[in-house]
Amino acid sequence: MPNCPQCENLVTSEAIKCPHCGVILKAYGHQGIPLYQAQGESFLCDRCVYHEDETCTYPQRPYAKTCTMYCDRASWQEDIVPPLQGWKALQFWCRQNRGLLLFLGVILVSLFVTLLSLTDN
């Protein structure tokens, strides 16, 4: 059985709100999703992984006191992947930016054709 984050009393894992202090424990309408709540004057975003990596879309960001998507930065373990270097990094960048490369290619061909037509005259 988990503890209530506010009064520290034991509550059942199915409880939507604490029977002792009344604090809401689950997201409204989503009884399976836990509702994380900030303690005191702090905000959840200060310690959240999603705020840090700019993937959070929560409208109350960066001043959220409650959130269903909170992921504590201190307890979160990212899979350690070594950064790409050299040729592999260039290949990865090219795959991620194909549209930009195509656009630059069209501009270069256009400039080349223009220069050829100017030198023929």
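Here are some questions and answers about the spaces and the surface of this predicted model.

Q: How many cavities of 30 Å³ or more does a search of the whole structure find?
A: Let's start inside the protein. Rolling a probe the size of a water molecule over the atoms shows where empty space is left. For cavities of 30 Å³ or more, the search of the whole structure gives a count of one.

Q: How much space lies in the largest cavity, and which residues line it?
A: The space in the largest cavity comes to about 70 Å³. By class, its lining has ten nonpolar residues, one polar and no charged. The lining residues are L44, C45, C48, Y50, H51, C56, Y58, A64, C67, M69 and Y70.

Q: Which residues lie nearest the centre of the largest pocket?
A: The largest pocket has a volume of about 270 Å³. Its lining divides into eleven nonpolar, four polar and two charged residues. Of the 17 residues that line this pocket, those nearest its centre are N3, P5, L25, P34 and L35.

Q: Which element gives the most to the nonpolar patch on the surface?
A: Now to the outside, where the patch has about 1,000 Å² of accessible area together, with W87, L90 and W93 among its residues. Two elements give two or more residues each: α2 (87–96) and α3 (98–120). With seven residues, the one that gives the most is α3.

Q: Why does I107 count as partly exposed?
A: I107 sits in helix α3 and is one of the residues of the nonpolar patch. Partly exposed covers what falls between buried, under 20% relative accessible area, and exposed, over 50%. I107 counts as partly exposed because its relative accessibility is 36%.

Conventions. Residues numbered from 1 in each chain as written. Predicted model: local features only at pLDDT ≥ 70, side-chain atom pairs only at ≥ 80, totals over all residues. Heavy atoms only, no water. 1 Å grid on protein atoms, 1.4 Å probe; cavity = no way out; pocket = protein on both sides within 12 Å on 5 of 7 lines; lining within 4 Å. Points joined across faces, edges and corners; volume = space filled by probe spheres on them. Nonpolar A, V, L, I, M, F, W, Y, C, P; charged D, E, K, R; others polar. Patch = residues over 30% accessible without salt bridge, like charges linked within 9 Å, V, L, I, M, F, W, Y side chains within 5 Å. Areas by Shrake-Rupley, 256 points an atom, 1.4 Å probe, with all protein chains shown as cover. Salt bridge = Lys/Arg side-chain N within 4 Å of Asp/Glu carboxyl O. Helix = DSSP H or I, 4+ residues; strand = E, 2+ residues; numbered from the N terminus. Buried < 20%, exposed > 50% of the residue type's maximum accessible area, 1.4 Å probe, protein only.
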